[in-house]
Structure formats: structure tokens, C-alpha cells
Amino acid sequence: MEKISSIYTIVSVSVLSLLICGLSACSSRPNDAILQSRLPHIYPDYAGVTIPVGIAPMNFNIVEADEEDAYVEVEGSKSGNLKSTGCLAHFDVNEWHDFVAQNRGGQLLFKVYVKRSGEWYSYRPFSMYVSKYTLGEWGMTYRLVAPSYEIFSKMGIYQRNLSNFDEEAILENTQVPGMCINCHTSNRTNPDAFTFHVRGEHGATFVRYNGRDEWLKAKNEKLGGSMVYPYWHPSGRYCAFSTNDTHQMFHSTPHERIEVYDKKSDVLVYDVAHRRILTDSLISTKDWSENIPVFSPDGKSLYFVSARQQIYPEDYKKQRYNLCRISFDAATGKFGNKVDTLIDAASMGKSITWPRPSYDGRYIMYTLMDYGYFSVWHNESDLWLLDLKTGENRPLRDVNSKRSESLHNWNINSHWFFFTSRRDDGLYTRIYFSSIDDHGKVTKPFLLPQQNPLVYYRRLMYSYNTPDFTLKPVKLNARKAGEVIESDERIETRF
Amino acid sequence: MKNIMSKYPKQCFAILFAICVFAFWMFRFPFVLAYQEQMQLFLWNDSFLMEYLTFPGGMASYLGQFLVQFFNNIPLGALIMTLAITGVQQLCWRIIIRQQVSDALYPLSFLPALGLWLVMSDEDVLMTYVVAILVSLLMMCFVPRRPLVRLLYLLLISTAVFWLFGIAVLMPVVYIGLVFANRHKAIDIIIGVIGIGVVLVSAYVSAWIAPYPLARIMKGIDYFRFPIGFDIWLYLWMALVLLVLALSPVVQKLSVPISITTRLILGTLLVAIVVGISLPLAYDRDIYDDIEYDFMVRTQRWQDIINKSAEMAPVSSTAECAVALAQWKEQQMTNQQLLMFMKRANRMPKTELTVMMLNEIYFRVNMVNASQRFAFEGVEFIPNYKKSGRLIKRLAETNLVNGEYDVARKYLQMLQETIYYREWADETMNLVDHPQLILQHPLYGPMRKYLSHKDTMFI
């Protein structure tokens, strides 16, 4: 029904938008427009971004003061043109796809005309560049949840087709009232291997593997906690998790809200085939907190972050995580006998979180912050890139903002990545995309396109959380899932 | 007067009943109306409407919230409740007289209305339910007599009306199938069975389309504020209505050697006695004390709070918080005493109203972040996932004082799509557009000026 509701929304918003602006819309280029030397004010800021072929129309709102009408012309550097009338620059999905595909490797030049007080004004044209790199994934999955403190209301995991505006629910907590769903993760964007965690009275860990769906007991008695922050081994046979004793504290100063911290955490690997938890004393230590594990693309290494455990709440600013690695033998399920520190962030007075290797093995992207690991609540959180080939370690200045950037990941060809950012208003996280070429140059990020972005994002009272690319739609029978969740039928995990 | 009453007895009793209902909500329980209003936020935009077309009963919820937004104006809210309850009475009478009964049965039509009045004593029974049953009763007023037309009518109710107004349509379906039908005619029985079957199939199919379990669809989504659990009286009420309608012809046959007018008067007196006994019992609930305290905090009636606490010492955490705040505002409690109380209050079990109180206390002692936290928690606490105009307003204020103008703007834009918060949102938006004016504001200026920038962590 959510798919139908998204169609209703698209239709109704389109009709309303067209009615509001279309009745007096200018259908051809205005003559004698007064030239303005600056760029037009548009939302989102799509000027100078690089987009993939197949992306949904990059509709944008013209947000000039006292605008009465608008006209937009787009010219492809290789071929074709499009136009749009009205305050919302919007393009037909099929026409847009054809137009962008024709101009692959080139650019789209946007000319914007705005009518104010009866006069037309034209602005400095801007370009969108069409990348030569494909974005092969069908869409994205993400959780939509309010940026709340301890209590949550409506939430769910959703999927969005990136070539249009269709969004549908995979599972919402209206299906099982009171449940919290999170940590949904597929294996290298392929949802044939998929996991997510359910918290609440009917807790469980869902694992899809080899065509089989299993609902694991949420907590293992020996572990003492739930399995969270999953990341699949490329073989699909294993999935790395951490188990965390998580708490919150609340700031009293303006511009700060929450500090999420762990009193302890350990990393483990779950052998999906044998339903066994694999652990090691090197990744489950008493005095250090190991967290956010990820496998290398070749599956031979397990990266994670590790910090000397501090005493909370007094020493919360001293908890600093380094980026570490331990080898892993997929054939035996054994770990190496030493842990390497790749980046000693603590000695720099910083903390690393959310390492994400590119699938081509070239980079590790991570978030750098002042302390802690829950980056979404830290304004200073920025994306950094470790080049495993050259050893270069640098901030992504073209991508970062004054607000938090975090929860990033790559597409399968490793030329596109997304991240969540609070740059829009400082509280509600949104998804941004950027590309990286063979020389490591990143492009200006663009906001996830919407049919009418200004209205959509203004009204959206949820944050995008732990998004990921998905190669194809996730198929989950939500009704059946709800019944299983409520049934409390679970499979035990063992050591 | 006596001439009017004997000439128009039905109208007079209906008006008298309406006046009693109005007075009840206007003067005795106005705070319950305010409570209902603050637990939702009706938005005048297309997305909000579209959201309610995607599950069964969505239109009932939409219209219910549409009506409850007017509870911001207490007299208007009392009028809406009066129209709803007397509407039930009038519709029941319209249905009863289709069975060719005499006016002596008029008092019988008050029983369902009284029943609804009692059901509404549960503050978690929502206007969604009231809208659904009013529409269901309306459907029952126009049942076609011809079998084929009746079948089509039943199919319409069992599908389209079910999708719009939810499981309450079982009431007209059962009525048409079992009460209205001629039980000696096979075709009528078949039509009835088809109708009930189609409703059940509609519910089953809905569970595949909408993200709600079948159990919740069968209970009626948003009839009751809590997704888990239900108030059994919602369903017993529907059964009561069917019983009253089914028994009307039976009561009609009871032979009593007194005039119709006398029977009418006696019947009405009987109803009045039942009202007089049952209503106080139904509405004598501890939760109303908490709701009243919250209302007085919202309307800043500090001395009234203190007076109420003098009559009976506060027991609940909500009441304690309200009284502490009132005493502090009236300078009967020092700053130090209030801080000590707040340390204790932070460890109290959290309910929707306690969280509301904590937000209010922290706001007034200029602990803006803490107020913001509890205001946000208050929104998330609402069990049926609605927003709250009161709390969204508070979030706009806290973000404004904290200098988070983009977030403040977002909340103000939301409130600009309401009737009752729009004017305040428009005025406050001026402060977001011109932040230099904040320091001149009588409330936000001092709050901004004395905002502490020393970070103290709350656990």
C-alpha cells in the first residue's frame, strides 16, 4: 500500500504544484529577461553536482524572494534539451533518463528564469555533470526514524528506487506495535543475504542466507547483549557484529543534544551456516571496547574500531577509537594472533568510527570526530578517506560541512558513495551522494532527489538512518514477518 | 412552557439532553477536550490527507482529528461533542421509527447516546470511533427495502465504507443482515450472510495491503489511542445499539394502559435517573485529576493548582510536578527546593503527562535543552504516533532560544498549516527571519540572555 500511497503523493503533489504555478506558467523562454550575474537560489543546491545515468529527475525548487513564476531550460552538452515551467523545476522520468543517458560524460546546462513584480530575470547558468561511472544499484534501503532521545514512535525500514521517486516500506513498526527495527544490512548491496535487528518485547535478529530466513534469539545469554552493527563477509557465510552496552547522556548547552556511549563493547563474527558465534580474546577484551566491525572486500581481514574503555560519565571526552585490523580465515573461522592499528586517532586527540572499505579494496572511508563513536550527534563529524594503495589519509573537504557527516557506504563499483548529513537544518539527517574518480577526486554531493524536494523535506519529520545501496528490491512479506515477530519463535545461537 | 412541552415533547427532551451534554463538557470536563487536542496535530496539507487514505478506517481518523483540532476552543469543542452524542440519539430514532413504532419509544433512542457518553469517559477512546459509528448509523438510516438494491448497498458498505471508516461498519452490516431483514425470507438471510462475509474478507485483504496486523484492523485502527489493547466497551456499545434496535418492536408490543405522553415522560425520567447515576461513576477517575492539573499548567493557572492540591494532596507524579511548579511560580517554593524536587522528578516513572510536566518545569527555569528533550519525548510518547501541536510549539520555542533557526523554522512551517497555531507561528517566524529581535522579546529575550553555556551532562 505504501507504493500506492507514494504514487498518490506524487500525483497529488504534482497536480497541486502544477495548479499553483502552472496556470500562469510561461511555456517558452521569456524574452528580454534582465540578466543577473549570480546563480539562482534553488533548493536543493544542485549547481555543479555530478550525477549518474539513471538517477531520478533532479527536480529542484526555485526559492527566489517574491517569485511569481519560473522557467527552466536544460541543454545537454552532447544532445537534447528539456524545459520546465513553474516554481518547481520538474522533469518527466522517462524523458529525463533518455536525456541524461545521451549526455553521459558531458554536462547539462541549466538556465533559470524567474518572474518577479511582472519582470523576468535570468540568472547565471549552472551545470550538472553526468558521470561516466554507472550506478548499477536499483535503489537504497534506509530506516526512517525521528531523531529522538530515548523513546521512539513510528519507524520502519524502507526502500527507494533511485531511478524514480517510489518509496515503499519493507517493514514498519505498525506491524508489531512497540518494536524497534534497525541495523538492516545486505551483503555488498545484494539483499539475497540480509539481516536486521528487532528490539522490544519481541526481539529478534533476522538473517536471510541461501534462500533461508531465520529469526535468531535477540540476545545470547553468554554474550549478555544483542548483536548489532552487522557487516557481511563477502562469501555470505559470516556476518560480523558487535555487542554493546549502550547508554545515553544529555547535554545542557545549545547546539548539543545527546551523547551515546558504550560502557563496554566487543566484536564477534556469526557463522550463519552453522549458527555459531565466533569470538576471540583479541576482539573481546576487558579494558578496551571493540566496535563497528567490517570485513575487507577479500574477506581476509576484519577491521574494527577500538578504544580504551573510560569511566562514564566523568571521562566521556577521553573515549577515543582507533582503526584496527585483525586477519580472518574464512575456511576455518579463526582470527589472527595480533591486532594492527591502522590509524591511531587517539594520539591525535581524535576518534574514528564507521569504517567502510570500498568494494574494490582501494579505500577505507571513515568518520573522524573529537571523541566517542556515535557520530550522528557530533557536529564535528567529518568523512575521511584512507587510501590503502598509497597510504594517504585525508578529509573529504569537498563533501564535509559544518554539521555531522556519517553513516556512509559505497556502491559495488566503488565510484559512488552516499552519506547522511545534518547540513540542512542541524537535526534531521538526509542522504547525499557523491562520486570518486580513479584519481581519488570526489564531486560535490547532491541530495537524494524528490518529486518536490522543498515540500517533501520540509514536511518529513524523520531522519534517514543507516542507509545502504541495494542491487535489487528487498522482498520481505511484512505481514508474515509481523506474525513471526509476535510469535517469539526463535533460533538459539551458540558459541 | 407546559404547553410547548406537551405539544413538542420529543424536541424538548432532545434539547434538554443536548444542553446537559454541552454543560457537561463545557463546565465540568473542559480539560479533557484540551487533552484530546494536544495529543494530535491536524495539518491542512495534501500529504496529511493522503496518509489517511492508505489504511482501513483512515478517513474516520482524518475526520476525527479534523473535529478535535477545534477543541482548542473549549465552547466549540463542547458543541462538537454535543452534536456527536445528540447526533447518535437522533440517528437511532430515525432508525427506530422505520420499524413503525410509536413515539412512546422515543426515550429508547437515548440509550445509545448515553452509552456513547459513558464510553467517552475513557480518555483514550478517540473521535475516530465516534465518526465511524456516526457514519455507520447514517448508513443504517437509508437501508433500501428492495433486496437487490439492498445487496448492492451492503457490498458498498462492506468494501468502500469499510476502507474509509473501519470495522464499525460491521454494525450496519449486522443490522441489515439480521435486524432489518425479514427472517422468514431466505433472500434476506443470504444477503445478510454475504454482507458479513464480505466485511471479513475486506479486513483480511486489508492486512495484506496496509502495514497493520489483522487483529488491529479488526479492533479498528485509531479507534483507541493505544495500538496494543482495547476498550471492550467500544464493541459492547455497538452491540447495545443493535440490541436497542432489535428490541424496539418488542417493546412496542408491551401494553401499558397509560397515554403515550405519560409513557414518554416516564421513559425520559428513567433515562435521566440512569444518566444521573452512571455518569458520575464512569467519570470518577484518577486520570482526570492529572489531566486537569496538566490543563491548568498549560493555561498557567498557578493559584488554581495550589487550591486543588489543598483539597486533596497530589498523589501522582504528574500532579506533584504541577504543584511544585505552581508553588515555585507563586514563590511558595524556593529555587533550591525546586531543584531538589526536579532531581527526584527525573527518576519518576515516565508517563505522557509526566513528561509534559517536566518539559514545562524545565522551560520555566530556563533549562532549555532539558525542556526540549522532554518535549521531543512527549511527541514520541504519543502511542498512536500522532504529533502534538502543544509540543511542536514548545520545540519551535526551544530551538529558537538555542539559536537552531533552521529546526525552529521547520516546526513553525508545520504549525503554519494548522488553524489554531498558525497565527503564533507566523509571528514567531519573524524572529527566525530576524534573530536580532529575539533579545527584545519579553519571553525569549531573557531566556536567550541567561542561557547557560556550561555543559552539564544529564544521565
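In helix 3 of chain B, the residues B:P30, B:L33 and B:A34 meet B:I74, B:G77, B:A78 and B:M81 of helix 6 of chain B, where contact means heavy atoms within 4.5 Å. By class, this contact has 6 nonpolar, 1 polar and no charged residues. Here Ala, Val, Leu, Ile, Met, Phe, Trp, Tyr, Cys and Pro count as nonpolar, Asp, Glu, Lys and Arg as charged, and the others, Gly among them, as polar. What you see is a predicted model, in which local features need pLDDT of at least 70 and side-chain atom pairs pLDDT 80 or more, while totals for chains, interfaces and linings use all residues. Residues are numbered from 1 along each chain as its sequence is written, chains are lettered from A and ligands numbered from 1 in the order written, and side-chain values use heavy atoms, without hydrogens and water.

How do these helices lie? Two packed helices are described by the angle between their axes and the distance between the axes. The axes of helix 3 (residues 30-38) and helix 6 (residues 74-97) of chain B come within 10 Å and cross at roughly 90°. Axes are lines fitted to C-alpha atoms, for helices over the stretch in contact, with angles from 0 to 180 degrees between N-to-C directions. Helices (H or I, at least four residues) and strands (E, at least two) are DSSP runs, numbered from the N terminus. The two helices of chain B are therefore roughly perpendicular, a label for angles of 65 to 115 degrees.

Now turn to chain A, which is divided into domain 1 (2-130) and domain 2 (139-486), with bounds from an automatic or database domain assignment. Their C-alpha centres lie 35 Å apart, and 29 residues of domain 1 of chain A are in contact with 26 residues of domain 2 of chain A. The area buried between these domains is about 2,300 Å², with 62% from carbon and sulfur atoms; buried area is the accessible area (1.4 Å probe) that two parts lose on being put together, summed over both. A:K444 forms a salt bridge with A:D45, with the closest N and O atoms 2.9 Å apart. The rule for a salt bridge asks for a side-chain nitrogen of Lys or Arg within 4 Å of a carboxyl oxygen of Asp or Glu.

Finally, look at where the chains meet: 47 residues of chain B and 49 residues of chain A take part. Together they bury about 4,600 Å². B:Y385, B:K410 and B:M457 supply 16% of the area that chain B buries against chain A. The chains share 5 salt bridges.

Definitions and conventions: Parallel < 35°, antiparallel > 145°, perpendicular 65-115°, else oblique.
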